[in-house]
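Thanks for coming. I will show one structure and then go through what was computed from its atoms.

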Amino acid sequence: MGNFIQALEWYNILISVVPTDPAILSKLGDIFSRENDKSQAFQYYTESYRYYPSNMDVIAWLGAYYIECEVYEQAVQFFERATIIQPNEVKWQLMIASCYRRSGNYQQAFETYKRIHEKFPENIECLRFLVRICTDLGMKDVHDYASKLARAEKNKENQLGLNTTASLGSSELGSMPKSDIYGQDKLRPKDYFYDGPKIDPTPSWSKGGLSLKKGETELDFHEDVSLLLPD
């Protein structure tokens, strides 16, 4: 706590001298974020972004903040900005699709995942989302995406096998069954079909965003928004 107060005092002195310095504003946002004061962190990160809208840590924090607040339209704007700055970084585009899905706009999410797949055809996470959405919405495309997912997983499996062979030596692997090397037997397209809760194509809405009907649980898409936040 002592270090926090001392750091805050010094940065407040600096910000009084250069009140529009985006680096100092971002650092103050980081300090308050670490203290779990998201309101103050949001204020300083927003000011930092206003003066320098290209800091990826700030963009990621603000996007994640709006997701936590379920203000998905605002979150999309920040991830779109991130995509402009880093067009070859797939995670920003995946987060845009995630925002559409979280808000209940599954058709827009599907179209976004399709565009991501066209640009990153081997991205396994994107293919998994496509298979899941197609399965839940009863779309015939599910078979095609499931096959593509199986091939992508197989390619990754083969690459892991090559890396394992290089590190362990081919002689050590000669007597090992395939399932022992990769931790699983050969997967088939049907193995990727989602067998969990179904998406309601016409979800109910509340003021805060998508609301789940009685008895439903939020779908777990294995996303951790906190991974986007600055270290």
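Predicted model: local features only at pLDDT ≥ 70, side-chain atom pairs only at ≥ 80, totals over all residues.

Residues are numbered from 1 along each chain as its sequence is written, and side-chain values use heavy atoms, with hydrogens and water left out.

Overall make-up. The protein has eleven helices and two strands. Helices here are DSSP runs of H or I with at least four residues, strands are runs of E with at least two, and both are numbered from the N terminus. The order from the N terminus is α-α-α-α-α-α-α-α-α-α-α-β-β. Of the 231 residues, 38% are buried. Buried means under 20% relative accessible area, exposed means over 50%, and partly exposed is in between, with a 1.4 Å probe and protein chains only.

Now helix α4. It has 13 residues and spans 18 Å from first C-alpha to last, close to the 18 Å expected at 1.5 Å a residue. The expected span is 1.5 Å times one less than the number of residues. Eleven of the 13 residues in α4 are buried, so to say it is mostly covered. Among the buried ones are W61, Y65 and Y66.

Helix α7 covers residues 106–119, 14 residues in all, and reaches 20 Å, close to the 20 Å expected. Which residues of α7 are buried? They are Y106, A109, F110, T112, Y113, I116 and H117. These cover an arc of only 165° around the axis, which puts them on the same side of α7; the arc is that of the directions from the helix axis to the C-beta atoms. In general, an α-helix has 3.6 residues a turn, so residues three or four places apart point the same way.

Next, the aromatic rings. Rings of Phe, Tyr and Trp (its six-membered ring) pair if their centres lie within 6.5 Å; planes under 30 degrees apart count as stacked, over 60 as edge-to-face and the rest as tilted. The count by this rule is eleven aromatic pairs. In one of them, F42 and Y66, the centres are 5.8 Å apart and the planes at 90°, so the pair is edge-to-face. F42 lies in α3 (residues 38–51) and Y66 in α4 (residues 56–68), so this pair ties together parts 24 residues apart in sequence. F42 is partly exposed at 22%, and Y66 is buried at 15%. F110 and Y145 also pair edge-to-face, because their centres are 6.5 Å apart and their planes at 80°. F110 is in α7 and Y145 in α9 (residues 142–168), so that pair ties together parts 35 residues apart in sequence. F110 is buried at 3%, and Y145 is buried at 8%. One aromatic cluster is formed by F42, Y45, Y49, W61, Y65, Y66 and F78.

T83 and I96 are 13 residues apart in sequence and 9.3 Å apart in space, C-alpha to C-alpha.

Last, the surface. W10, I13, V17 and V18 form a nonpolar patch with about 420 Å² of accessible area together. Patches take residues with over 30% relative accessible area and no salt bridge, joining like charges within 9 Å and nonpolar side chains (Val, Leu, Ile, Met, Phe, Trp, Tyr) within 5 Å. A salt bridge is a side-chain nitrogen of Lys or Arg within 4 Å of a carboxyl oxygen of Asp or Glu. Accessible areas come from the Shrake-Rupley method with a 1.4 Å probe, and for residues only the protein chains shown count as cover. W10 lies in helix α1 (residues 2–17) and counts as exposed at 55% relative accessibility.
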